[in-house]
Amino acid sequence: IQSLFHAARDSIDICVFTITDNQLTREILATHARGVKLRVITDDETSLHQGSDSRRLEEAGIPVRFDNDEQHMHNKFAVFDGNAVCTGSYNWTRTAAEHNLENIVVFHEPSTCKKFSAEFDRLWKLFS
């Protein structure tokens with residue numbers, strides 16, 4: 001995932017259940033500092049858990065939206081510059097990085113990227 005952040009030049013849309021991996025959070029913040037436009041959608045309940053970095057991202061000036069729903073927003077994908085999508089079972093947590101059996105798939109296929117971008121935009125509007 002970190003190489004996708006390094007390569008991003010324009011925008012990254014992140015739609016994940018939770019972010020508790022401080023290494024990824026540092027990467028997100030560094031990308032934001034480079035002037036890349038970021039938006040984050042995450043689950044409202046997990047954002048309140050100890051270790052959640054969503055409020056930290058919000059405080060840094062990154063737009064963050066929460067699902068505000070009884071159900072969990074359980075997606076795990078990110079769209080990089082509209083031309084790469086990272087998705088899979090991987091939660092953006094240190095436990096996932098160090099202990100879990102996880103998978104990540106990266107797509108560079110234009111129609112797949114457009115579908116994920118459209119879903120992100122739909123959820124962004126839904127949780128406004």
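User: How many of the six residues of β2 are buried?
Analyst: First, the general idea. A residue is buried under 20% relative accessible area, exposed over 50%, and partly exposed in between, using a 1.4 Å probe and protein chains only. Now the case: five of the six residues of β2 are buried, so β2 is largely enclosed by the rest of the structure. The count for β1 is also five of six, so β1 is largely enclosed too.

User: What am I looking at, and how do I read the numbers?
Analyst: This is a predicted model, in which local features need pLDDT of at least 70, side-chain atom pairs count only at pLDDT 80 or more, and totals for chains, interfaces and linings use all residues. Residues are numbered from 1 along each chain as its sequence is written, and side-chain values use heavy atoms, with hydrogens and water left out.

User: How do I read names such as β2?
Analyst: Helices (H or I, at least four residues) and strands (E, at least two) are DSSP runs, numbered from the N terminus. Here β2 covers residues 37-42.

User: What is the order of the strands in the sheet?
Analyst: Two strands pair if DSSP finds at least two bridges between them. Here six strands form an open sheet with mixed pairing, in the order β3-β2-β1-β4-β5-β6. The edges are β3 and β6 (104-107); each has a single partner strand, so one side of each lacks a neighbour in the sheet. From one strand to the next, the twist averages 10 degrees.

User: Which strands run antiparallel, and how many bridges join them?
Analyst: β1 and β4 run antiparallel, joined by five bridges. One example is V16, whose bridge partner in β4 is K76.

User: What packs on the sheet?
Analyst: Contact means heavy atoms within 4.5 Å. Axes are lines fitted to C-alpha atoms, for helices over the stretch in contact, and angles run from 0 to 180 degrees between N-to-C directions. Here α5 packs on the sheet and touches β1, β2, β3, β4, β5 and β6. Its direction makes about 65 degrees with that of β2.

User: In what sense do β1 and β2 pair?
Analyst: They pair in the parallel sense, over five bridges. In β2, L38 is the bridge partner of I12, and R39 is the bridge partner of D13.

User: Which residues touch the most other members of the largest nonpolar core?
Analyst: In soluble globular proteins, nonpolar side chains tend to be buried together. A nonpolar core is a set of buried Ala, Val, Leu, Ile, Met, Phe, Trp, Tyr and Cys residues joined through side-chain atoms within 4.5 Å. The largest here has 24 residues, and F5, I14, I28, F80 and W92 touch the most other members. At least two residues of this core come from each of α1, β1, α2, β2, β3 (64-66), β4 and β5 (84-88). A second, separate core has eleven residues, including I41, M73, F120 and L123.

User: How many aromatic pairs are there?
Analyst: Rings of Phe, Tyr and Trp (its six-membered ring) pair if their centres lie within 6.5 Å; planes under 30 degrees apart are stacked, over 60 edge-to-face, and the rest tilted. The count is four aromatic pairs. One of them is F5 with F80, edge-to-face, at 5.2 Å centre to centre and 90 degrees between the planes. F5 is in helix α1 (residues 2-7) and F80 in strand β4 (residues 76-80), 75 residues apart. F5 is buried at 0% relative accessible area, and F80 is buried at 2%.
Analyst: Next, F77 and F116. Their ring centres are 5.1 Å apart and their planes at 65 degrees, so this pair is edge-to-face. F77 lies in β4 and F116 in helix α5 (residues 110-126), so the pair ties together parts 39 residues apart in sequence. F77 is buried at 3% relative accessibility, whereas F116 is partly exposed at 22%.

User: Which residues form one aromatic cluster?
Analyst: F5, F80 and W92 do. Leaving out residues up to four places away in sequence, W92 also touches others, among them I1, I14, T18 and A78.

User: Where does the charged end of R39 sit?
Analyst: A charge sits over a ring if NZ of Lys or CZ of Arg is within 6 Å of the ring centre and within 35 degrees of the ring normal. The charged end of R39 sits over the ring of W124, 5.1 Å from its centre. R55 lies over the face of F66, 4.2 Å from the ring centre.
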